[in-house]
Amino acid sequence: MSNAEAPHGKSGGEGSLWTTPAPSAGAASVVKVDQSVSATQVRTAVDAVKSRATAFKGKVSDAALRAIVGR
Amino acid sequence: VTVHLAAPLTLAEFGAGDDPLTSLQHFPQGQYLKWYLADLGATTVLIEPNYFDRDYLSEFSAFYCTSSAGYKNVCQRLHYFSIAIDRALLERAIADDDEARTRIRGAYLGFIVRRPIPGTPFGRTVLRWYPEPPTALPRVTNPARVYTCNVAGLRLEVEGLAWQQQDQGVGACATIALWTMLHSSAFDDRHVVPTTAEVTQTAHKAGLSEAPMFPSMGLTAVQLIAALRDSGFAPFILEGELRGGLFGKERFSSSLASLIRSGYPVVIAGSLESDDSGHAVCAVGFRQAASNIPPGFLEMEDANTEFVYVHDDNLGPAARFRVEVVPSESVVATSATSPAPDSVTVRFDVAPTGPYVALRAVPPPQKHSLSLPDPTANHPRMIPTLLLAAAHQEVRTSPDRFHFLGMNLGAALIPVIGGRGLSTSTRMIRLADYAHKELGRILAANPAVLGPTRLALWESVPPMSLHLGVVRFGAENTPLLDVIYDTTDSAPNLRAFCYLAYDSEMFDAVDKLRALGVLEDIGARDLGVGIKAF
């Protein structure tokens, strides 16, 4: 699966970022830093989400502002 | 001369002939409210025959008092309970008998104000939420507040958010949606909620509209924004990012969830599939989605949101709507003036550029045993094109900006943590609530870390804004990193105050990103003071 596309599946799993506590003290890390990663690799990863991130640019058209939004 | 006369409080069995709701079943809203109350286990209705409602009085003075119909200015208020109540029990509760009072208050389901307007009788209504089963993914209803009623000295409380039917005289659906929005708990401390008549009047100030004020024929986004500003709020307005103003699911659900989690209800404007007419509703809650990340993937956690709870003046309060995704291939672009082919459910001047969001009313599994028609059966799907929310006046940063930052920073972190999948989610929160409630919950198992983390926020970080933007990252449902942003600045100057790492490797990952010198390139700038919350 590519990061260029958002998933549209149903939710799964047993919790969320707003309902689960932080890892308890002394627990093994769930991530591991790769010290060999380069700036180019990071920029490539960010480029891969460019089209998804663009959706959040938040432009509002004049037509949308002037339209009746409910009767 | 006719004047109002004293009348006794009366009790009736829920759904019986003398329950006023029974005579209102020809309205879709009446059917919905009966279904909803039946699911809550309604058993008894207490009828207050004379109740002066602030909103109705405002509508009355703005419109109905000059009608030749001779409408009254007094309403009925109907209180519903989940236990059988007779006059003796009620009188004991009113006399402060502890046992009777506790029973009645515990069984209170909420109230409906019945306006003396035959065509649009449903006034301000607040009903309790459906009971929440134990779940790791609860309903998020942060905008809800507690409403207190007083009946002969008996205080009754219900938590919810006010809904009412549009009367088409003083308020259209957009007016009602905006009115609900301003009832949010987030605004308890500093604002007076305007009435529907005041919303309409503000929206028709000079230069804003050429349409007559009353009867209200609908409002534009510009008018809604003017009404919000006039009431002392900062508007957030989000247009769908796809062609035609449609929303993709990732942006729609993430934006909606972020705003509601922040305590801000959201007006959703769009069109109805049935006849392509404009409509506006107010989202007041959603069901928390779960993380479900494939390796290497950056997930917007709230994009998984499946259900939102909507106050729809055509239906009722807290109606459950499923967020559906319509494949763009299923739609043929047609002229807005040509008849829609059978295979086309909604008409567009131009074809959408991607799968888009539609909202369908879907009631939860029926809990009652009555034989009632499904009030959502013929309710058309809605195609959202605009989201509008009111924030505190000093909040200037849109959720779009936080999602943009979260997307870029999350994508940058993934290679640094060895290609592990990450999820991200955002909200706005008061500094005091973040330090007290959120850190108290998230670090409940780490008391040795909680105190130093809270102190670091006060002693190591430069002065922060009253409202914070929190961009959270995690894996396997577990929060690993919060980046805390200022909400009071403009987008080009936006800066993070600090970040809290809940995992030592995540702290090191941010250090690694800084060392690589890429933060500025990806639009994340400096991340502020690092706090070790592990």
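Guide: Leaving out residues up to four places away in sequence, Cys498(B) touches Leu457(B), Val461(B), Met464(B), Asp482(B), Val483(B), Ile484(B), Leu527(B), Gly528(B), Val529(B) and Ile531(B). Touching, or contact, means heavy atoms within 4.5 Å. The model is a predicted one, in which local features need pLDDT of at least 70 and side-chain atom pairs count only at pLDDT 80 or more, while totals for chains, interfaces and linings use all residues. Residues are numbered from 1 along each chain as its sequence is written, chains are lettered from A and ligands numbered from 1 in the order in which they are written, and side-chain values use heavy atoms, with hydrogens and water left out.

Cys498(B) sits in strand β20 of chain B, residues 496–501. Helices (H or I, at least four residues) and strands (E, at least two) are DSSP runs, numbered from the N terminus. Is Cys498(B) buried or exposed? Its relative accessible area is 0%, so Cys498(B) counts as buried. The term buried stands for under 20% relative accessible area, exposed for over 50%, and partly exposed for what lies in between (1.4 Å probe, protein chains only). Arg229(B) is 269 residues from Cys498(B) along the chain, and the C-alpha atoms of the two are separated by 31 Å.

Now the chain around this spot. Chain B has 12 helices and 21 strands, and buried residues make up 60% of its 534 residues. Of the contacts in chain B with a separation of 6 or more, 70% are between residues 24 or more positions apart. The C-alpha trace of chain B spans about 85 × 65 × 50 Å along its principal axes. A compact globule of 534 residues would have a radius of gyration near 24 Å, and the 25 Å of chain B agrees with that. This radius is taken over C-alpha atoms, and the globule rule is 2.2 Å times the number of residues to the power 0.38.

Next come the charged pairs. Side chains of opposite charge can pair when their charged atoms come close. A salt bridge here is a side-chain nitrogen of Lys or Arg within 4 Å of a carboxyl oxygen of Asp or Glu. Over all chains, a search of the whole structure finds 28 salt bridges. One of them joins Arg381(B) and Glu273(B), with the closest N and O atoms 2.8 Å apart. Arg381(B) lies in the loop between β15 (356–361) and β16 (382–392) of chain B, and Glu273(B) in the loop between β10 (266–272) and β11 (278–287), so this pair ties together parts that are 108 residues apart in sequence. Both Arg381(B) and Glu273(B) are buried.

A second pair lies within one helix. Glu438(B) forms a salt bridge with Arg441(B), and their closest N and O atoms are 3.1 Å apart. Both are in helix α10 of chain B (residues 431–442), 3 residues apart, which is about one turn of the helix. Glu438(B) is buried at 8% relative accessible area, while Arg441(B) is partly exposed at 27%. Elsewhere, salt bridges that share partners join Glu273(B), Glu324(B), Arg360(B) and Arg381(B) into one network.

Asp96(B) is in the loop between α3 (87–94) and α4 (98–106) of chain B, whereas Ala318(B) lies in strand β14, residues 316–326. Asp96(B) counts as partly exposed at 48% relative accessibility, and Ala318(B) is buried at 12% relative accessible area.

Last, the contact between the chains. It takes 57 residues from chain A and 91 residues from chain B. Together the chains bury about 6,200 Å², 62% of it on carbon and sulfur atoms. Buried area is the accessible area (1.4 Å probe) that two parts lose on being put together, summed over both. Leu17(A), Trp18(A) and Phe56(A) supply 16% of the area that chain A buries against chain B, more than any other three residues. The rule finds 3 salt bridges across this interface, among them the one between Glu505(B) and Lys32(A), whose closest N and O atoms are 3.5 Å apart.
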